[in-house]
Amino acid sequence: MTEWILEYALGNTLLAVPLAVLALAIGRSRRAPALAHLVWVLVLVRLVMPPVASVPWLSLSVPVLPADDAGLVVEPVPQVAQPGLARALSASRHAIAPMAAAPPVSREESRIGRQAHVAAQSQATATVDPWFAVGVLWLAGTGAILAVSARRIVRFRRELRASCVPAGPDVVGLARRAAADLGMPMRAQILVTRAGTVPFVWAFVGRPAIVLPSSVVDASTEADLRLILMHELAHIRRGDHLVRWLDWAAIAWLWWNPLAWVARRGLRATEELACDSLVLRTRGMAPREYGSCLLAVAESLSGSTFRTPVQACTMGDGGSLEQRIRFIMSGSLQHRPSPAARLATVAVAAASMAASVACVSVSTSGRGA
């Protein structure tokens, strides 16, 4: 069973490599972060796709020890040819000799024989399947990640309830206007926390919540606070709070797979740049104004000690803030990718996924034969 699951996991990894290369190529230019983010999502989907059929060019086989290697040595009975009818009849008479003629077996010899038989059976069953050990290690790592994540989420929710209060009507009004600018319904609750943290989006059960530190709410101008709210609402509009749970599940299941960690890193970087690009295009503002707003928020919360779980969309998850602001200032995020580039990317991604399905279907027919 472990061999079967591992075969599919490695097959999905090889099939996801072309998508990862495509995402890296798009993300290198930093001109289409939303497109790169979409391809990274496809990489994760490809990695965690349920098994449909095995890949024909990736075959793993568990080494099965033969009976001789397991300790069961069967020695052939020597057969001596005896020409002549007399010798054959003599051999048959000896074979059917009465059992009473055999010498009696002592109790000690019987006990030794039974012990030898039990030892031979235990030696035959003592061989450990290496794939079973791999499966135990795999599940142990996944269980450890689930346990640590559950502990952090419970502690985080407790701290959040203790430190958060609903935002005032003026902040909620700014959030409604920001949501209207983005062309989305206002379906998030706005909370203000006394803890020192960067603004973030958290969604577990029910509506997503935008959590703002009270220091940022008190120190920011109305225009800057509206930009911050618009950035967090952009996460909700794009569904980033749901993608965070997807990449967490992929890491928990495929913690041993380097491509899953590469995909997570690519998701985090392109996610923040995609939200920055959406805000800049919606507001039509100067990049310097938006970059200055982000820099002010980061500087005011440089000593943040409030730890958010990996499922939360935090403003500081986009890698180096200096590099991120440099891309914002360059003005490249204000331009949409050309229709030809979008069409080519979608075509390549669709072809890669279709090729994966084709490989799966071929393997199914091959095994059925």
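Good morning. A helix here is a DSSP run of H or I, at least four residues in length, and helices are numbered from the N terminus. With that in hand, take H10. Just after H10, Gly284 has a positive phi of about 65 degrees. Please keep in mind that this is a predicted model.

How confident is the predictor? The mean pLDDT of the chain is 77, and 71% of its residues reach 70 or more. Over residues 57–82, pLDDT falls below 50; that stretch has 30 contacts in the model beyond near neighbours in sequence. Residues 358–369 also stay under 50. For them, the model has 11 contacts beyond four places in sequence.

Back to H10. This helix covers residues 258–283. Its 26 residues, at 1.5 Å a residue, should span 38 Å. The end C-alpha atoms are 38 Å apart, which agrees. Is H10 enclosed or open? Of its 26 residues, 19 are buried, so the rest of the structure largely encloses H10. Now the start of H10. There, a side-chain oxygen of Asn257 comes to within 3.0 Å of the backbone nitrogen of Leu259.

Asn257 and Leu259 come up again at Thr13. Thr13 sits in helix H1, residues 2–29. Which residues does Thr13 contact, leaving aside neighbours within four places in sequence? They are Leu47, Asn257 and Leu259. Thr13 has 13% relative accessibility; buried means under 20%, so Thr13 counts as buried. A polar atom of the Thr13 side chain also lies 2.9 Å from the backbone oxygen of Ala9.

Next, the aromatic rings. The structure holds 8 aromatic pairs. Take Phe156 and Trp202. Their ring centres are 5.0 Å apart and their planes stand at 75 degrees, so this pair is edge-to-face. The pair links distant parts of the chain: Phe156 is in helix H5, residues 130–163, and Trp202 is in strand S3, residues 200–202. That is 46 residues apart. Phe156 and Trp202 are both buried.

Trp245 and Trp248 form an edge-to-face pair as well, with 5.7 Å from centre to centre and 85 degrees between the planes. How many residues apart are Trp245 and Trp248? The answer is 3, about one turn of helix H9, residues 240–253, where both lie. An α-helix has 3.6 residues a turn, so residues three or four places apart point the same way. Trp248 is buried, at a relative accessible area of 16%.

Finally, the two pairs come together. Ring pairs join Phe156, Phe200, Trp202, Phe204, Trp245 and Trp248 into a cluster. Thank you.

Note on methods: Residues are numbered from 1 along each chain as its sequence is written. This is a predicted model: local features need pLDDT of at least 70, side-chain atom pairs count only at pLDDT 80 or more; totals for chains, interfaces and linings use all residues. Side-chain values use heavy atoms; hydrogens and water are left out. pLDDT is the predictor's confidence in each residue, from 0 to 100. Contact means heavy atoms within 4.5 Å. Rings of Phe, Tyr and Trp (its six-membered ring) pair if their centres lie within 6.5 Å; planes under 30 degrees apart count as stacked, over 60 as edge-to-face and the rest as tilted. Helices (H or I, at least four residues) and strands (E, at least two) are DSSP runs, numbered from the N terminus. Buried means under 20% relative accessible area, exposed over 50%, partly exposed in between (1.4 Å probe, protein chains only). The expected span of a helix is 1.5 Å times one less than its number of residues. A polar contact is a pair of N or O atoms within 3.5 Å; within protein, one must be able to donate a hydrogen and the other to accept it, and residues adjacent in sequence count only if both atoms are side-chain atoms.
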